[in-house]
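User: I am new to this structure. Please show me how to read it, one feature at a time.

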Amino acid sequence: MALVESTNTKFLYSESEAEPKITQLFGDSKEFDPEPWLGRCDLVFVDGSHAYSYVVSDTQKALAMVKPGGLVLWHDYRGPRRIKGVWKALNELADRLDLKHVKDTSLIVWRRPA
Ligand SMILES: C[S@@+](CC[C@H](N)C(=O)[O-])C[C@H]1O[C@@H](n2cnc3c(N)ncnc32)[C@H](O)[C@@H]1O
């Protein structure tokens, strides 16, 4: 369904030398099974749905997928009035993980201890 609704048929990497190394997956991120990537990713970028339950779900998967010493980045930490779901989910996560705000950006970063 996501592919059918997508307005994009070309991407920044299309026809670049990186293209053969990229596998693009379309679908609802709550349906995404992270199992093949558990503890294997150098970097996981969370920038999908802004709805609270999705940010929580995407975050749980990202934290499980990143390898020791790897990074998880979240986009759109912009404040409670602008993007409430991201704001709430990351403020809750900050109670148990050492999250850092990248100055002058809407990025949050966490490095999994090596
Ligand atoms: C804020 S944009 C980020 C775009 C992307 N980071 C980029 O630079 O092209 C959010 C993206 O997440 C997708 N998205 C929204 N809800 C989603 C969901 N439940 N599952 C998977 N992707 C979703 C949207 O279609 C959109 O492409």
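**Reading the model, step by step**

Analyst: Start with one residue. Glycine 79 is exposed, as 11 other C-beta atoms lie within 10 Å. The cut-off for exposed is 12 or fewer. Keep in mind that this is a predicted model.

User: Where is glycine 79 found?

Analyst: Glycine 79 is in the loop between E2 and helix H3, residues 84-93. Glycine 79 and histidine 50 are 29 residues apart in sequence, and their C-alpha atoms are 12 Å apart in space.

User: Now the whole chain. How many helices and strands does the protein chain have?

Analyst: The protein chain has 3 helices and 4 strands. Then read their order. From the N terminus, the elements run α-β-α-β-α-β-β. The C-alpha trace spans about 40 × 35 × 30 Å along its principal axes. Of the 114 residues, 14% are buried.

User: Which sense does each pairing of E2 take, parallel or antiparallel?

Analyst: Take the two partners in turn. E1 (residues 41-46) and E2 (residues 66-74) pair in the parallel sense, over 5 bridges. Within that pair, valine 44 has valine 72 of E2 as its bridge partner. E2 and strand E4 (residues 108-111) run antiparallel and are joined by 4 bridges. There, leucine 73 stands opposite valine 109 in E4.

User: What do E1, helix H2 and E2 make together?

Analyst: Follow the path from strand to helix to strand. E1, helix H2 (residues 52-65) and E2 make a right-handed β-α-β unit.

User: How many residues does H2 have, and how far does H2 reach?

Analyst: Compare its span with the expected one. H2 has 14 residues and reaches 20 Å from first C-alpha to last. That is close to the 20 Å expected at 1.5 Å a residue.

User: Which residues of H2 are buried?

Analyst: They are Val55, Asp58, Thr59, Lys61, Ala62 and Met65. Seen down the axis of H2, these buried residues fall within an arc of 170 degrees, so they line one face of the helix. On the other side of H2, Ser53 and Gln60 are exposed.

User: Which residues surround the ligand?

Analyst: The ligand has Asp28, Ser29, Asp47, Gly48, Ser49 and Tyr54 around it.

User: Last topic: backbone angles. Which residue has a positive phi although it is not a glycine?

Analyst: Glutamate 15 is one of them, with a phi of about 65 degrees. Then check its setting. Glutamate 15 is in the loop between helix H1 (2-5) and E1. Glutamate 15 is exposed, with 8 other C-beta atoms within 10 Å.

User: What about aspartate 104?

Analyst: Aspartate 104 is not a glycine, yet has a positive phi of about 65 degrees. Aspartate 104 is in the loop between E3 and E4. With 6 C-beta neighbours inside 10 Å, aspartate 104 counts as exposed.

Methods:
Residues numbered from 1 in each chain as written. Predicted model: local features only at pLDDT ≥ 70, side-chain atom pairs only at ≥ 80, totals over all residues. Pairing = 2+ DSSP bridges. Helix = DSSP H or I, 4+ residues; strand = E, 2+ residues; numbered from the N terminus. Right-handed = clockwise from strand over helix to strand, strands pointing away. Near = placed C-beta within 6 Å. Expected span 1.5 Å × (residues − 1). Buried ≥ 20, exposed ≤ 12 C-beta atoms within 10 Å, placed from the backbone. Arc of directions from axis to C-beta.
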